[in-house]
Amino acid sequence: MILHYATGEEIRANDVVICLNQSGEFYQFDQPILKVWEVAKTNDGEVVGVNLMPLSAESPMLMLRALKRPNEPEVTSEPVPMKDVPGLYSITRWFLPLCNVSKNLGLVERIEAFEGWQSGHGELIARRIQQKADQYRGIYQYCLADKAYQQREFQTYIDLLRKSAQSGYTPAMCQLGQQLFIGGILNKSLEGSFKWYREAVAKKDSIALYQLAGCYARGHGVEQDLEQSLQLLEQSSSQGCWAATLGLAGYYRFGALKCFLVHPSYPNYDVVKEHVIHPAKALYLYHRIASQAPETEKAVLANTYYHLAWMYQDGIGTAQDYEKSVFWYQKSADLGNPVATNNLADKYEHGLGVPQDLDMAIALYQEVSGQIIAADLSLGRMYVEGRGLEQDFEKAKAHLNIVINSRIDGIAEMQAEAMSLLAAFDIDNPFQKAKEVLKNPKNYTIEQIGEQAHKISQYLQNKDMPEAQNLFFNLYQLQANKGSRSAQYQLGYWHLKGFYTDINYEEAAYWIQKAVDQKDEYAEAKIGYMYEKGLYFNKDLNIAKKWYERSFRRPLSDIWLAYTTGSIELRDLYENEREALEGLIRIETQRSKVSKWKFWLK
C-alpha cells in the first residue's frame, strides 16, 4: 500500500515534512519540521502509519507496538520470534497513525532539494512552506498561523486560520472554535465555537468530535444533552482521539462524564449513573491508551498511568497489586504528574510495592510540597514525629499551616489531622490559643477575644472539626459576658435559630434584651420579631411595632417614602431595617382596621 500526502505526492523515506501533533484535546506543533524514516507496517504487511524523526538524525530509536485484532489466537507461554508475531510493528517517538497522516502531515520538500546546501536549510524550508501555503493552504497556512501567534501577530494569526479553515482544513476550524470559546483574541462566543466544531465534525475530525461532545455535556452554545455527548465521545475515540478514549475510561470508572463536567456550576455535575460503572472496561481502556498512544500525548498518558496505578492500588476492576501500582505511579510521575509523585512517596514511606525508603519518600514529598496538600501533611507529620528526619517543630508548623489554610474542597479530614498535630506542640495555633483565652478570660480584652473567634471561624464548615463550632460559640459567649453588644445580639440570635446550639427562646430573649439595653439596632429589630411571633414574650403587635420602628437609625418616614415610590428595594436596606420593614408590613396586614400606614401597596 502506497501512502500519499493530501496534496497527492507519494510519501517517501527522507522527505522533509511539517507534522502537526494531536495532544489530548488540541492540535499543536511538538516539533513542526521532521523527516520521514519509513512507512510503518506490521510483520504481516498492514500499513499502520508513518515513522518520523528529526532532520539531524541518521536513524531513530524504535519501540515495539502490537495491533489488537479480533479473533486473535490466545497468547501462549511458548516463546515466539518477534518476526512471527503478525500484528507487531516498530514506531519512532514521532510516529503518526494512519488515520492522521493525510491531515497532520504535509510535504515541504524532497530530500534531494537540499543537496549542495551547506547552510540555510531553515531559509529554504520557510520559503517552501510559504509557496505551499499560497498553493494548497491547509496545513501550510496553519503552520504560518502558528508562527504568527508565537510572534504575537494576532490579526495575522486569525486571518491565516480563517483562510486555512475556509480551505476545509479541520485543525484550523478547531482552533477557531477554541479561540471563540476562550475569548480574548476573538470576542467570546459559545455559539460561534459550537458552529466551528460542528463544521469540522462534518468532515469527521476526531478532536472536533471530542470538543463538540464537550459542548453538549456542558451546554455551551447548545442545550445540554449528555446522551448526545456520550455518542460523540465514542465516535471521537473510534477515530483516534486519545483524550476521548481517556474520557470514556473515566465514564465507565466513575459513571459520569467527568472529563467535561469538572465543576459544580455545570448542570448534572453530581449525577452518577451507577449502572454504567464498569471497572473492568475502564481498566481495559486505560491499558489500551498506555500501550498504544504516542509519546506526544503526554497529558493523556500521565492521567492514564495515574488511573492505572490507582486501580491496582485499591484493587478496582482487578486484584490489588502494589508493585504494579508503583510501576504506573512512577511512569505518571515521570511525565510531571505531582499527584502521582505524592502517591509514589506514600508507597516508599510505608513500603507498599517497594522496600521502605524514607529518604526517597521525603525527597518525593518535598518535590511536590506546596502543590499537593497531602505531601505537606505527610512532611508535617514526619517532622513532628522525627520520622526519617530530625524532629523540627518549626518546619512541621510551616507544612501543617499550608494544609490548614488551604481553601480546597474535600480535604476536611486532612485539615483536622493537621490541626491535631499542630495542637500537640504549638500553643499559638488557633485552637490552643482559643482554649487559653477561655481558660484565662481576665487576661484578654473583648477585641482580642473577637480576633481569636475570627481565626476559628475559618474552620466552621469543616465537619471533621466539631471542636471549632464549640470554641467559636464559647468565645462569643465570653465576649457577651464582657459586655460586647454585638456578641450579645449574635448569641441571642443563635439561641433563637438553633445555630451552634439548641433553640432556647429564654436564652435568646435574655441576650437580645442585653443588647437592646445597649441600644443595638439589630437586637431592637429582633426583639420586635419575637413580640410579633410570640416567641418567649406574649404576642403583642403594638409592642412589636414599637420595637421595629425604634430599630431604624434613619428617619422612618424617608424610608417609607423611598420604598413606596420604588426608589429603594428591600434588598437595598441594612439588615435591621429590612427585617423591621418586613415586620411592619406583616403587622399591617394582620390588623382588621385599615391603617394610614398601608405604605407597602405600590
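This is a predicted model: local features need pLDDT of at least 70, side-chain atom pairs count only at pLDDT 80 or more; totals for chains, interfaces and linings use all residues.
Residues are numbered from 1 along each chain as its sequence is written, and side-chain values use heavy atoms, with hydrogens and water left out.

Let me begin with the chain as a whole, which holds 26 helices and nine strands, these being DSSP runs numbered from the N terminus, with H or I and at least four residues for helices, and E and at least two for strands. The C-alpha trace spans about 100 × 65 × 50 Å along its principal axes. The radius of gyration of the chain is 34 Å, while a compact globule of 602 residues would have one near 25 Å; that radius is taken over C-alpha atoms, and the globule rule is 2.2 Å times the number of residues to the power 0.38. Of the 602 residues, 48% count as buried, where buried means under 20% relative accessible area, exposed over 50%, and partly exposed in between, with a 1.4 Å probe and protein chains only.

Strand β4, residues 33–41, runs antiparallel to β5 and is joined to it by six bridges, and two strands count as paired if DSSP finds at least two bridges between them. In this pairing Lys41 stands opposite Val47. The two strands form a hairpin with five residues between them, and Gly45 in the turn has a positive phi of about 95°. There is also an antiparallel pairing of β5 with strand β8, residues 96–97, over two bridges, and here Gly49 stands opposite Pro97.

Next comes helix α19, residues 446–457, which contains Gln452. Is Gln452 buried or exposed? Gln452 is buried, because its relative accessible area is 5%. If we leave aside its neighbours within four places in sequence, Gln452 is in contact with Pro430, Lys433, Ala434, Val437 and Leu475, contact meaning heavy atoms within 4.5 Å.

Finally, I turn to Ile503, which lies in the loop between α21 (485–497) and α22 (505–517).
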